[in-house]
Amino acid sequence: MTDRGYDGQGGSAQDRLEQLEAGVAAAQPGHDAAAFLAAIVESSDDAIISKSLQGIITTWNKSAERVFGYTADEAVGRPITMLIPEDRLGEEPAILARIRSGERVDHFETVRRRKDGSLIDISLTISPIRDGNGKIIGASKIARDISEHKRAAQHQDLLLREMHHRVKNLFAITGSIITLAARTAQTPAELATGMKDRLVALSRAHEMTLPSFTGGEAFAEQSTTLFNLLTSLLSPFGDQEEGRWRLHGEDAPVSADRVTSLALLFHEYATNAVKYGALSVPEGRLDVTLSSRPDSFEITWAESLAIPATVSPNEDTGFGTTLEQMVVRTLNGKVSRDWQRDGLVIRLMVPRDAFALPS
């Protein structure tokens with residue numbers, strides 16, 4: 001028995017030699033070149049169509065059937081304009097004129113219509129067909145489906161524009177915070193510390209509403225809830241399970257548009273509680289309660305076992321007061337403070353739709 005040997009590529013050296021010989025034989029003069037070419041056209045992944053100079057379809061391969069939905073029997077003999085949307089019918093005379101002059105059209109991106117009426121983005125390469133005497137008798141078209149490529153490009157463009165929009169918004173918010181903080185900061189170090197803390201709070205809120213950039217809800221910012229937001233903002237000041245701070249009542253959804261404002265407001269409340277209030281002493285406690293009413297929400301921020309507050313209700317406290325006024329006005333709400341013996345109580349009353357998207 002002949003030793004065929006093994007070439008390390010999944011077959012014997014003899015097998016590969018026989019395959020090469022068969023390939024060479026197929027390329028020798030005398031084989032059916034027309035049949036060979038027809039097999040290539042028929043197996044191509046691209047739609048390959050030929051047409052007469054009058055625009056009548058003369059050949060139609062399998063991929064053309066897959067791309068456009070018509071069988072060869074349905075397409076051959078019909079005008080190529082059956083694939084062209086009405087608003088692009090002017091392209092065909094221009095293409096035929098170029099073909100008659102012997103020109104080749106390379107990678108012409110356009111839109112064509114399938115049998116089911118849907119539109120498809122394609123890239124066309126069109127070449128003249130000549131007879132044995134060199135006379136131009138028609139045109140061959142290679143149509144490549146670029147719908148997925150187009151969608152990817154549009155998705156990328158939308159992503160870049162969305163990122164640009166969000167970055168501009170963040171810069172605008174940061175600029176406003178700096179302007180307000182600069183009015184009350186006594187030293188550069190105080191301004192730097194306050195800005196860092198506020199930007200960290202904004203970052204946490206931003207992460208909670210990051211949009212999904214895939215699927216049917218691409219680029220739509222995600223909503224969250226008030227308790228999720230408060231948990232994120234208060235977590236640096238102690239574990240909820242330890243009882244330093246607690247949340248009560250029924251949670252409520254908050255739209256992405258409202259998260260930034262609420263994050264800044266409650267960050268200011270938490271910062272003041274850490275500096276002067278309930279969270280500044282080990283035995284201090286904070287309770288935040290959300291009470292739901294038929295037409296409104298009431299949020300109660302109650303600090304207890306804290307150092308007695310010394311700030312007068314009518315005293316301007318700078319950045320925090322200005323920010324609070326801006327946010328409350330945005331929410332169409334009302335806020336009140338009650339300096340009790342064992343701590344500060346803040347009550348924020350807002351309409352039930354205040355946490356939803358602005359109208």
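This is a predicted model: local features need pLDDT of at least 70, side-chain atom pairs count only at pLDDT 80 or more; totals for chains, interfaces and linings use all residues.
1. E9 covers residues 285-292, and eight bridges join it to E10 in an antiparallel arrangement. Within this pairing, Thr289 sits opposite Thr300 of E10.

2. E10 has another antiparallel partner in strand E12 (residues 343-351), to which seven bridges join it. Here Ser296 has Pro351 of E12 as its bridge partner.

3. How enclosed is E10 by the rest of the structure? Of its nine residues (296-304), eight are buried, so the strand is largely enclosed.

4. E10 also contributes to the largest nonpolar core. That core has 36 residues, and those touching the most other members are Leu226, Phe266, Ile299, Trp301 and Phe355. At least two residues each come from helix H8 (226-234), strand E7 (245-249), helix H9 (256-275), E9, E10, helix H10 (319-330) and E12. H9 gives the largest share, nine residues.

5. Ile299 is worth a click in your viewer. Leaving aside residues up to four places away in sequence, Ile299 touches Leu226, Phe266, Val288, Thr289, Leu290, Ile346, Arg347, Leu348 and Phe355. There is also a second, separate core of 23 residues, with Ile80, Ile122, Ile126 and Ala143 among them. As general background, nonpolar side chains in soluble globular proteins tend to be buried together.

6. Now for the other sheet. Five strands make an open, antiparallel sheet in the order E2-E1-E5-E4-E3. Its edges are E2 (57-60) and E3, each of which pairs on one side only. On average, neighbouring strands are turned by 30 degrees against each other, direction ignored. Inside the sheet, six bridges link E1 and E5 in the antiparallel sense, and Ile49 stands opposite Lys141 in E5.

7. Helix H5 lies across E1, E3, E4 and E5, and runs at about 155 degrees to E3. Which residues of H5 (91-100) are buried? They are Glu91, Glu92, Ile95, Leu96 and Ile99. Viewed down the helix axis, these buried residues fall within an arc of 125 degrees, so they line one face of H5.

8. The cover over the buried residues of H5 includes strands E1 (47-52), E3 (105-113), E4 (119-130) and E5 (136-145). One backbone detail to look at comes just after the helix: Gly102 has a positive phi of about 90 degrees.

Notes. Residues are numbered from 1 along each chain as its sequence is written. Side-chain values use heavy atoms; hydrogens and water are left out. Buried means under 20% relative accessible area, exposed over 50%, partly exposed in between (1.4 Å probe, protein chains only). Helices (H or I, at least four residues) and strands (E, at least two) are DSSP runs, numbered from the N terminus. Two strands pair if DSSP finds at least two bridges between them. The arc is that of the directions from the helix axis to the C-beta atoms. Contact means heavy atoms within 4.5 Å. A nonpolar core is a set of buried Ala, Val, Leu, Ile, Met, Phe, Trp, Tyr and Cys residues joined through side-chain atoms within 4.5 Å. Axes are lines fitted to C-alpha atoms, for helices over the stretch in contact, and angles run from 0 to 180 degrees between N-to-C directions.
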